[in-house]
Amino acid sequence: MRTSHSLLRAGVRRRDIRAACESCAESVLALPPLWVADALDTLGEKPVALAAGIGWPWGFSPAAAKAVEAATAAADGATELWLVVNLGALESGIDVVVLDDIQSVQDMAAASGATIHVVIPDGLAPRDRGRLAQMADECEVDGLIVGSDFTEEVVTALKELTELPLTKL
């Protein structure tokens with residue numbers, strides 16, 4: 001699994017982004033889309049990929065809004081798009097909404113060259129984690145982002161469902 005440093009939380013300020021860029025030793029820095037351009041300037045030539053959290057934190061935005069958010073982040077320099085699908089739709093079994101989220105961001109990403117990684121957050125029921133991993137796999141996204149509370153047992157179970165690369169928050 002790759003290493004990452006996440007600033008995907010409420011209240012992240014410019015100084016937090018700049019401090020993380022200056023000290024970042026991880027291969028990926030995840031941040032809100034607003035701060036991508038600033039982080040790119042601060043990183044300079046440092047070999048750190050920028051990942052923008054799309055639909056963060058619960059994925060409630062419509063698919064079209066996520067596509068715009070992703071397009072903006074990619075134009076600003078994000079090379080990875082960490083997509084949070086509509087978790088309420090996922091847990092309700094409304095797969096068409098989840099698949100539309102993924103497809104909308106994929107359509108945008110095809111033009112930008114950014115990679116798409118679907119986030120499987122902490123707290124999802126095992127059945128929903130598995131369904132989301134399988135949908136992401138079927139949509140041929142580039143990887144999965146798993147929550148920091150996932151045990152090795154959970155990660156192993158996900159690896160049995162998909163061959164997509166995993167990044168742990």
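Predicted model: local features only at pLDDT ≥ 70, side-chain atom pairs only at ≥ 80, totals over all residues.
How many disulfides does the count come to? The count comes to 0 disulfides. A disulfide would need the two sulfur atoms within 2.5 Å.

**Accessibility of selected residues**

| Residue | Relative accessibility | Class |
|---|---|---|
| C24 | 7% | buried |
| C139 | 17% | buried |
| R9 | 47% | partly exposed |

R9, at 47%, is partly exposed.

**The sheet**

Seven strands build an open sheet. Their order is β1-β2-β3-β4-β5-β6-β7, and the pairing is parallel. Strands β1 (4–6) and β7 (166–168) form the edges, each pairing on one side only. From one strand to the next, the twist averages 25°.

Take the β6 and β7 end of this order. Strand β6 covers residues 143–146. It runs parallel to β7, and 3 bridges join the two. Within this pair, L144 of the sheet stands opposite L166 in β7.

R9 sits in the loop between β1 and α1 (14–23). In sequence, R9 and G53 are 44 residues apart. In space, the C-alpha atoms of R9 and G53 are 9.9 Å apart.

**Helix α7**

Helix α7 takes in residues 152–161. Which residues of α7 are buried? They are V154, V155 and L158. Seen down the axis of α7, these buried residues fall within an arc of 100°, so they line one face of the helix. An α-helix has 3.6 residues a turn, so residues three or four places apart point the same way.

What does the face of α7 turned away from its buried side carry? That face carries the exposed residues E152, E153 and E160.

**Aromatic rings**

A search of the whole structure finds 1 aromatic pair. There is also a charge over a ring. R129 lies over the face of F150. The distance from R129 to the ring centre of F150 is 5.5 Å.

How values were computed: Residues numbered from 1 in each chain as written. Heavy atoms only, no water. Phe/Tyr/Trp six-rings, centres within 6.5 Å; stacked < 30°, edge-to-face > 60°. Lys NZ or Arg CZ within 6 Å of the ring centre and 35° of its normal. Buried < 20%, exposed > 50% of the residue type's maximum accessible area, 1.4 Å probe, protein only. Pairing = 2+ DSSP bridges. Helix = DSSP H or I, 4+ residues; strand = E, 2+ residues; numbered from the N terminus. Axes fitted to C-alpha atoms, helices over the stretch in contact; angles between N-to-C directions. Arc of directions from axis to C-beta.
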